Amino acid sequence: MEMPQPNPDVLARKQAVLTRLLQVLPEDAVIHDPSETRAYECDALTAYRCPPMLAVLPSSTQEVSDVLRICHDEGVPVVPRGSGTSLAGGALPTADCVILGVARMNDVLETDYDNRFIRVQTGRTNLSVTGAVEEEDFFYAPDPSSQLACAIAGNIAMNSGGAHCLKYGVTTNNLLGVTMVMMDGSVVEIGGAHLDSGGLDLLGVICGSEGQLGVVTEATLRILRKPEGARPVLMGFDDNEVAGQCVSDIIKSGILPVAIEFMDTLCIKACENFAHAGYPDCHALLIVEVEGSDAEIDYQLSKIVEIAKRHNPVELRESQSAEESAKIWLGRKSAFGAMGQMNDYMCLDGTIPVSALPQVLRCIGELSEDYGLPVGNVFHAGDGNMHPLILFDANKPGDLEKCEAFGADILKLCVDVGGCLTGEHGVGIEKRDLMSHQYSAADLEAQMAVKDVFDPQWLLNPAKVFPLDVSQARRMAAE
Amino acid sequence: MRPETETELAEIVAGLQGPVRIAGGGTRGVDGPGAVLNVDGLRGISLYEPGALTLVAQAGTPVAEIDAALEAEGQQLAFEPVDYRALLGNSGEPTIGGVVAANISGPRRVQAGACRDFLLGVRYVDGQGQVVKNGGRVMKNVTGYDLVKLMAGSWGTLGVLTEVSLKVLPKPEAVVTLGVPVAHATGAVEVLSAALRSPYEVSGAAFAPETGQALLRIEGFADSVAYRVGRLQDVLSGFGEVAVVEDSDATWRAIRDVTPFAGKEGDVWRISVKPSDAPEITARLEANKLLLDWGGGLIWALVDEGTDVRARLGGFQGHASIVRAKPETVQALGRFQPEPAPVAALSQGLRQRFDPKALFNPGLMG
């Protein structure tokens with residue numbers, strides 16, 4: 001993965017920048033020793049690493065503002081970082097950058113059940129937002145798999161999703177307002193506890209902008225009352241196409257499950273060997289979960305089972321107890337770990353129209369043979385968000401490159417059938433160079449125009465989202 | 001100007017010599033330049049997959065045509081687009097492009113989300129006549145910046161929409177409306193908040209003072225509705241007798257379209273607030289007529305012609321916009337809530353980049 005050359009002028013001024021940062025931050029919030037900055041050299045896309053020039057850990061919006069004002073003055077690129085769990089390299093440093101980590105900003109600022117929101121500092125982890133409102137039986141809906149570790153700051157940057165977004169939406173649908181520090185250090189308040197924007201929907205474009213428009217330090221999030229209960233049904237089919245048809249029929253019937261998860265043969269086997277969840281030996285497995293009171297769940301599951309039966313399932317298991325529900329989910333939730341035991345893997349994140357599922361799975365199978373790399377598919381089937389996991393051997397020369405080329409082919413396929421490159425992980429550096437496959441020059445120009453307005457010097461989170469050649473003129477002009 | 005294809009529209013925009021008012025059905029009360037760019041020639045549903053909950057339509061497609069197609073499959077636009085015709089006293093044909101451009105959402109917004117939350121993708125022509133697409137037709141998509149949200153509610157000032165793709169939802173099998181007697185906005189918001197913080201999925205929460213009732217809507221499968229209605233009656237029993245209100249559909253259509261204000265003299269304002277602030281805000285408004293929706297978070301106010309509602313409100317969290325008033329009032333006060341300077345600078349910057357010649361609905365949003 002190509003990254004721009006570090007700016008030698010910036011590198012030469014490291015000491016001066018450090019001195020200025022130490023004037024506005026406590027000593028323990030500024031990391032400059034190369035042995036310590038190394039801790040920030042990568043995020044969860046560990047194949048790419050680059051230690052930053054400096055890292056800072058501010059504790060308040062004011063400190064973030066001071067840091068950004070200094071970096072803006074000095075022309076130093078800034079890479080914002082939540083918990084560093086990005087799978088797309090969204091927080092990959094450049095050698096001449098300052099990493100701005102928000103991890104120390106994790107306070108709950110306000111909880112308001114009558115108005116159904118919580119305001120937090122964005123270094124707070126996703127799961128601990130729910131933790132803060134659980135005593136009143138509320139929860140924060142977006143639930144990315146990394147929710148134990150990932151920060152709200154990163155969720156907002158990547159517009160993170162999760163398994164339950166078919167019903168509850170993704171981050172952007174649950175974000176009401178932000179306090180954001182602009183690259184020049186000025187602080188803006190956008191949105192709040194009220195609904196919708198009175199002007200242009202700036203909140204909508206900030207969410208998912210991968211930390212390139214500003215550093216969000218505080219967020220107002222919608223919280224919801226927990227449903228009375230939830231229960232899954234597991235079904236196995238001998239044919240991907242039939243499983244896909246079953247999903248479509250369930251949705252058409254008027255039921256809106258909270259989650260519809262799909263796994264293919266390789267994943268089913270891996271998960272079963274790993275977690276012993278009692279999964280059947282079949283081609284396609286669906287886990288469908290519904291919510292409500294016991295009676296409501298019974299009713300919805302009975303309709304779902306009735307639909308499934310029309311498609312001749314090889315297995316149909318309605319959970320009868322909390323233990324059984326946990327067991328059904330256990331396999332799915334350990335999918336990544338199970339695949340990781342088999343080999344190194346690369347996790348993709350394209351989305352396709354649900355109707356294209358059989359065709360796409362067939363093509364992925366053919367590509368898998370061509371490349372000689374096995375692939376397992378886990379899939380949020382209700383919304384078409386695929387997670388093909390390509391197995392490779394990181395220690396085998398050439399395997400990573402082969403895997404990346406295979407991954408790129410799969411993502412292009414997603415685009416070609418009417419879908420997109422990334423459903424919930426973000427573009428980062430990983431899919432940056434594929435953007436031109438999905439978007440025309442004019443499409444990318446429109447997105448970059450937004451960046452021009454928010455960060456005219458192009459200092460925030462450099463070299464992400466846009467192909468380097470497409471953004472080159474702007475980055476050069478800024479230097 | 002009435003193009004029938006996106007290409008034609010792009011050519012027209014590229015050749016524009018002066019500003020235009022962009023119109024779909026022209027039902028949203030937008031004034032502006034005499035030259036009108038009509039988008040209602042771009043018409044038709046280009047894709048509808050009920051099993052994927054997705055619909056793609058040309059921007060000029062009548063909302064009625066989309067409603068009919070969805071109805072046939074037992075689905076709907078869950079954000080309940082408001083029909084302004086009665087309120088504004090006009091008779092155009094509302095288009096889906098107009099709904100999206102205005103980010104118009106009805107009572108279900110409080111539970112299901114706004115128009116912008118259901119918008120999956122857009123195609124539009126920018127101020128230089130270039131066709132731009134963003135988003136797509138799939139529900140989960142974080143590929144690049146989300147210009148889809150930015151276009152929703154931009155009232156045509158960033159570009160002329162040519163195509164929109166939307167997430168649709170099943171239409172509920174059964175609907176019940178509950179009424180709880182309340183004397184004033186304070187009591188109403190207490191009832192609505194108590195219902196909205198319950199786990200019983202209330203999909204409408206409104207208060208029309210003249211009815212003396214806080215209204216709650218419960219939707220879904222019949223058995224489930226019956227169960228949740230029962231539970232809510234228990235939860236709310238402390239507030240007074242909880243009665244079933246007849247004719248749910250008409251009740252919520254009237255709230256959606258603000259029909260109690262139709263034909264009544266005066267200006268109509270729409271104010272978005274934190275729900276618990278609603279009682280105090282409504283007191284400050286001194287309105288001739290009020291309607292509260294979204295659990296109190298949306299206030300509709302009928303006031304004397306020319307009233308500067310923002311001056312009456314002073315500082316508050318939220319925004320107040322004019323929906324119906326004489327052009328000179330809109331001119332003097334501005335249709336939309338003025339933004340704080342740093343935010344206004346961002347909005348202005350975006351408009352300048354998307355529409356550098358200020359061709360589209362100039363001045364409408366500031």
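1. In what order do the five strands of the open sheet in chain B lie? The order is E3-E4-E8-E6-E7, with antiparallel pairing, where strands are DSSP runs of E of at least two residues, helices are runs of H or I of at least four, both numbered from the N terminus, and two strands pair if DSSP finds at least two bridges between them. Strand E3 (45-49) and strand E7 (131-135) of chain B are the edge strands, each pairing on one side only.

2. This is a predicted model, in which local features need pLDDT of at least 70 and side-chain atom pairs count only at pLDDT 80 or more, while totals for chains, interfaces and linings use all residues. Residues are numbered from 1 along each chain as its sequence is written, and chains are lettered from A and ligands numbered from 1 in the order in which they are written.

3. Within the chain B sheet, E3(B) runs antiparallel to strand E4 (residues 54-58) of chain B, and four bridges join the two; B:Tyr48, for example, has B:Leu55 in E4(B) as its bridge partner.

4. Turning to chain A, its secondary structure comes to 19 helices and 18 strands. The C-alpha trace of chain A spans about 70 × 55 × 40 Å along its principal axes.

5. Of the 479 residues of chain A, 57% count as buried, a residue being buried if 20 or more other C-beta atoms, placed from the backbone, lie within 10 Å of its own.

6. Chain A is divided into domain 1 (8-101), domain 2 (108-225), domain 3 (230-335), domain 4 (343-416) and domain 5 (440-478), with bounds from an automatic or database domain assignment.

Terms used. A residue is buried if 20 or more other C-beta atoms lie within 10 Å of its own, exposed if 12 or fewer, and partly exposed in between; C-beta atoms are placed from the backbone.
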